[in-house]
Amino acid sequence: MSTPMKLTRAHKRGHNVDGFGIEILFPGLTVDISDSGIGAIGRIDQARIRPGTVIPMHPHKDDEILTYMRSGELTHRDTVGHVEQVTPRRLMLMNAGHTFQHEEQARPDGEPLTALQIFMRPRAPDLEPMVQFHEFETIYSHNTWRLVAGPEGAPLLLRADAWIEDVRLDAGQSLALPTRRALQAARLLYVFDGQVEVAGISLQTGESLLLDDETSLTITATGQSDLVLFTTDMSAQTYKGGMFSGNVMNKL
């Protein structure tokens with residue numbers, strides 16, 4: 001892929017049930033009919049949840065799941081003993097491993113919850129389950145890339161050769177993509193909210209851009225924008241059989 005590829009909201013699947021609205025992106029389906037993901041990037045869900053909504057206890061297996069919240073508050077319960085609050089400052093990474101279940105409830109008296117539920121693929125199956133929390137100093141990283149999760153040296157540890165970074169780009173500001181973190185990298189720039197231009201391509205809320213490992217571009221915000229950047233090492237070992245992160249083409 002020599003030129004950036006825009007993914008619009010038309011590339012997503014979605015549903016809205018009992019206060020839980022979700023748009024699901026399988027990024028690989030746009031470029032490869034044999035794999036619904038790209039490297040360690042399995043699936044990205046953009047969710048909007050009404051206050052008080054309960055997502056009942058349900059299982060995961062072999063998924064690395066980042067709960068990336070931008071508004072609202074969750075009470076998290078799981079089968080490894082946690083009862084914790086998750087907020088836009090205090091993010092959570094669930095490393096599901098061989099067996100794991102969790103339940104989430106949006107705060108009843110809070111504001112509507114907006115979040116990405118990000119399903120990454122681990123290096124190997126049947127790892128030990130664990131849950132991580134990290135409270136950042138600020139909700140937003142203004143005009144500077146911030147590392148959120150990665151395989152080492154990151155606030156939240158991904159058991160994959162992949163990195164997740166974010167930035168709030170103020171209107172009129174421009175920012176270069178960060179230095180590539182792998183020699184054979186693929187990257188996905190996701191617009192959580194706002195509007196930006198990259199290489200003459202306009203992206204709005206819920207849209208994204210696939211970039212190959214040779215791409216070095218500048219992002220310009222035409223309005224205040226919250227961006228999430230995914231990088232995956234395409235040469236690294238990746239397990240594609242996760243319950244949610246895995247290749248859905250193998251399940252059809």
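Mentor: Strands (E, at least two residues) and helices (H or I, at least four) are DSSP runs, numbered from the N terminus. Also, this is a predicted model, where local features need pLDDT of at least 70, side-chain atom pairs count only at pLDDT 80 or more, and totals for chains, interfaces and linings use all residues. Residues are numbered from 1 along each chain as its sequence is written, and side-chain values use heavy atoms, with hydrogens and water left out.

Trainee: Ok, how many bridges join β9 to β12?
Mentor: Six, and the two strands run antiparallel. β12 covers residues 130-135, and its Met130 stands opposite Asn95.

Trainee: And which way does β6 pair with β9, parallel or antiparallel?
Mentor: Antiparallel, over four bridges, with β6 spanning residues 64-71. Glu64 has Asn95 in β9 as its bridge partner.

Trainee: So why is β9 largely enclosed?
Mentor: Because five of its six residues, 90-95, are buried. Buried means under 20% relative accessible area, exposed is over 50%, and partly exposed is in between (1.4 Å probe, protein chains only).

Trainee: Switching topic: how many salt bridges does the structure hold?
Mentor: There are 18, counting a side-chain nitrogen of Lys or Arg within 4 Å of a carboxyl oxygen of Asp or Glu.

Trainee: Show me one. How far apart are N and O for Asp226 and Arg168?
Mentor: The closest N and O atoms are 2.7 Å apart.

Trainee: What about Asp161 and Arg123, what's their N to O distance?
Mentor: That salt bridge has its closest N and O atoms 3.4 Å apart. Asp161 is in the loop between β14 (156-157) and β15 (162-169), and Arg123 is in the loop between β11 (113-120) and β12, so parts 38 residues apart get tied together. Asp161 counts as partly exposed at 23% relative accessibility, and so does Arg123 at 32%.

Trainee: Last one: what does Lys12 do with Glu23?
Mentor: Their side chains meet in a salt bridge at 3.2 Å, N to O. Lys12 is in the loop between β1 (5-7) and β2 (13-17), while Glu23 is in β3 (residues 20-25), 11 residues apart. Lys12 is buried at 12% relative accessible area, whereas Glu23 is partly exposed at 21%.

Definitions and conventions: Pairing = 2+ DSSP bridges.
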